[in-house]
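The following paragraphs go through a structure step by step. Please keep the sequence and the coordinates open while reading.

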Amino acid sequence: MQPDDAARSPEMPENQGESRVRRSWFRLRSSTLPVAIVAFLSCLILLGAVSWRAVQQLNLADARVAQSHETLQLLSRALLTTVDAEIAARGYALSGDPAYLAPVSVAEQSEAEILAALRAVLAGNEAQLMRLDELAALVDGRFALIRTLIETRRARGAEAAEAFVRAGEGIRAQSTVRDLVRDMVAIEERRLGAYEAASDDALMRAQAIVVFSFLLVGLAGAVAFRYDAVRREAEQARRNSEALLRLGGEVARFGGWQLDPASGRISWSDDLAHLLEIAPDTRLTLDSAVERCSPEAGRRLRRSLESCIAEGIPFDIEIDFSTRRGIVFDLRVAGRPVHDANGQIERIGGAVQDISERKRIERSLRASESQFRQLADAMPLIVWTADPGGRADFVSKSFLAYTGTERAGDINTLWSRAILRKDRAPMLDKWRAALASGGNYLTEFRLRRHDGVYRWHLVSAVPVRDSEGRVVKWFGSAIDIDDRYRTEKELEALAARLSSTLESISDAFFMLDRDWRFTYFNKEAERVLGRRAEDLIGRNIWEEFPAPAGRVIRTLCETAVRDNVKMSTETFYEPLGLWLLVNAYPSPEGLAFYFQDVTERHRLQEKLNQSQRLEAVGQLTGGVAHDFNNLLTVILGNAEILDARLPPDSDLRKFVETTRHAAERGAELTDRLLAFARRQPLDPRHVDLHQLMADLQDMLPRVLGEDVEIEFVIDDGLWPAEVDPGQFENAMFNLCINARDAMPGGGKLTIEIANAVVDHDGMSGPDELVPGDYVQVSVSDTGIGMTREIRDRVFDPFFTTKEAGKGSGLGLSMVYGFVKQSGGLVKIYSEPGEGTTVRIFLPRAGGAAEPLTAPDVAADAGVPRGDERILLVEDDDPVRAYAAGQLAEIGYRVVEVRNGVEALALLQDDKRFDLLFTDVVMPGGLNGPQLAEAARRLCPGLKVLFTSGYTENAIVHHGRLDPGVDLLSKPYRRRDLAARIRRVLDATG
């Protein structure tokens, strides 16, 4: 063996460069010294020039190589500094000892200095500087996580800190830093290789020049120079390799070792000696190494080494190892056989890594998991966990105790068996949705208890995520809520029944809280008030319905709440035009408010009141009309007689005219009262209103004056109406005169007549119109209009807005009574300043229109006479005397009796009468119709004419004369009497 061989370690292979250098050196040494000296001296100058250039290139390469080595060292220090900070932080997290915080601060400060030094070294290398910026950001993030761990331990305790460590965010951050450092080291190593290659190129060029210049003479010097360069290169590479090996050992906390099977002696690297506190002069054997391990670990180490020596089986085991100071390390020991050229095991080589921190963390995790399981088992609810895929991997003892099962078997199977079958599908759907979204899981289902009873549980779970947001675990619980669930269901059912009850009652109902906000609003309240519940819940009643504020309803509510007493009232709610019956009941929560729409009841009550007024007026009118019209008949008759017998120039004529006019006014008032009370006798006919209005078109302009423009709008194809033509004309005159009076400065009066069909969805009002066909007559003016208060009373008898003496207040009352008595409807529409429209609906006649008959006698015609025999029956002596005298004057033969009984007695003896002229209402038990019926049985063909100031439904039913009945209403004049007598006598049939 040559001397150089003794210096080379056994495991290093022979270097080819070194062999070439040695061979050159041997050849040079064998030549003669003088020749070498001469050759060396002769080329010294040229060699110096060439060498100077080569040295310059080598110096540049060396500077770059040194820069790369410094970069590698700084990167190693940066990585080790973060590891030191992590170890110190975890020490604080486990123990809470503040002494661990100082290394963290020192490491953070050192890291900043290292990064600054790296930035200075890498100046000009843009690519590495960009990676350095990324490394600085990662290091800042790493120290931020370390600070978070420290704050978590300080604020929330060891368990929270351990949970933070278990989450693995710090490990992943450290791995990211390590990976980036590894990349930068790899790049720097490539640069180092490039720089070394450049140095080799420079040396080779120098050698070529020397060889070319000095030929064979300079070969020795060149070889010597090359040998020295190669040697330096090899030494530099070895130093680099050793530095990188030390860097790896420091970062990963490992070192190398080898065992000589022959001597049993173990040797190790300096890193390993430093790690395990082994003195450099310490000699360890297999036995002494085993003694420093625990018995079990020592046996495992011995078996592994013996198997590797004997059979060449590699091994990778974990053991514990004690230092001289008694510090115990957890080590990972790996070894494999190294063979010689003959394939025999020459030695055992391997590596040792300190895994104490990992083992400590694992033990801490096991302890933490044990504490979690103990805590979960101690809690009075079911605790469970699941992996990221959703499979349960833990369940507390509470579940086993609840279900009465053993821990044996798959947890997921136990869950599936315990859940009620029909609850499984909904539960799985929600669980899959939570797994897909990564959101919280919450559901309710029934679990079978050990006695077979299924009870409701509230089951929830939350995901635990890593630093990248991935779910790494699910933690969940299941709470028995069966009692609460059943109570809630009972309350919900009770609330549903209460809500159903409140929705089904006829009353509108809502509830208010103490701040006057709506908390409930039923359907009837929505209907009455025209608002939706969802628009009102939570809103203030006085803001949503300001009209009642400060008025009756608000006062009632505030009194009920203040005095804690029920309050009731009936009030008119003007915005909706409704009458409301209100009941307010205070409660601790606020106010319960019941109200009914009693508008219809008020309408019916008003209708009843009106009917009662009509009945009272009718009874009063009927009672007065009979006697009053008898008196008026005598007064008018006597006024006519006086007028006929007084000389034309007599001063008494003005008194006669005054008497006649007053009597006519009295008769008109009586007729209007009877019309309003619907007790006047009507003679309805099938009337063509177009034809009837033709007569009015000529008359109205004279009555209304030139200031009123009149327009008639009459549809073609107008249906005939069933109406008393005379009463219709009176009604039209009343309406037109009222319209004229409403336009004191003049205006326009429009009369429209059209067909109208009313169905069930049509007109409704104070008096609902029966569906059918009608003829509609509208009278509209452009006058001053009416307020609602006046409009509501316009049809009341004796109600007028005119000045005293300008109106009786019976005009519209007569129109109202006449139309209603005719089976129609009258409605009025008016607003102040907008004029007034009165619409009359008259029933359509069932047949064709009848021709209108002329009056019995024209005003200027003579009085018709006759000589027929007439039986006059009248209980009022003055009227009977007046009628008998008038009939006798015009030629009739009259027989007078006081009542029906006397008339029948007379007819039984004397049947030679042409006409029975009888009062309708008479004392004695026999009225006019009864007398007529009896008389016709005695005297078939006897003609009858009734007279009355009030018929009292004897010959008038539903406001209309009975068919075939002729009536002469009191008071009557002589020409009316003569004309009607003559018409009845002349009638055929």
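Strand 24 (residues 869–873) and strand 25 run parallel and are joined by 5 bridges. Within this pair, isoleucine 870 stands opposite valine 894 of strand 25. The model is a predicted one, and the description below should be read as such.

The two strands belong to an open sheet of 5 strands, which has the order 25-24-26-27-30 and parallel pairing. Strand 25 (893–897) and strand 30 (967–969) are the edge strands, and each of them pairs on one side only. From one strand to the next, the twist averages 20 degrees. Helix 29 (residues 900–909) packs on this sheet and touches strand 24 and strand 25, and its direction makes about 150 degrees with that of strand 24. Helix 30 (residues 928–938) lies across strand 24, strand 26 (915–919) and strand 27 (943–948), and runs at about 160 degrees to strand 26.

The next topic is a packed pair of helices. Two packed helices are described by the angle between their axes and by the distance between those axes. For helix 5 (residues 101–121) and helix 6 (residues 126–156), the angle is about 170 degrees and the axes are 11 Å apart. Angles over 145 degrees count as roughly antiparallel, so helix 5 and helix 6 are roughly antiparallel to each other. Residues that make the contact include Leu101, Val104, Leu115 and Leu118 of helix 5, and Leu129, Leu132, Val139 and Phe143 of helix 6. Charged residues also take part, among them Glu108 and Glu111 of helix 5 and Asp133 and Arg147 of helix 6. The residues of this contact divide into 13 nonpolar, no polar and 6 charged.

Backbone angles come next. Most residues other than glycine have a negative phi. Which value does phi take at tryptophan 516? Tryptophan 516 is not a glycine, yet its phi is positive, at about 65 degrees. Tryptophan 516 is found in the loop between strand 12 (508–513) and strand 13 (518–521). With a relative accessible area of 17%, tryptophan 516 is buried, because buried means under 20%. Asparagine 564, also not a glycine, has a positive phi of about 55 degrees. Asparagine 564 is placed in the loop between helix 21 (552–563) and strand 14 (567–573). Asparagine 564 is exposed, with a relative accessible area of 56%.

The structure holds 0 disulfides. Cysteine 293 is buried, at a relative accessible area of 10%, and cysteine 736 counts as buried at 1% relative accessibility.

Notes:
Residues are numbered from 1 along each chain as its sequence is written. This is a predicted model: local features need pLDDT of at least 70, side-chain atom pairs count only at pLDDT 80 or more; totals for chains, interfaces and linings use all residues. Side-chain values use heavy atoms; hydrogens and water are left out. Axes are lines fitted to C-alpha atoms, for helices over the stretch in contact, and angles run from 0 to 180 degrees between N-to-C directions. Helices (H or I, at least four residues) and strands (E, at least two) are DSSP runs, numbered from the N terminus. Angles under 35 degrees count as roughly parallel, over 145 as roughly antiparallel, 65 to 115 as roughly perpendicular and the rest as oblique. Contact means heavy atoms within 4.5 Å. A disulfide is a pair of cysteine sulfur atoms within 2.5 Å. Buried means under 20% relative accessible area, exposed over 50%, partly exposed in between (1.4 Å probe, protein chains only). Two strands pair if DSSP finds at least two bridges between them.
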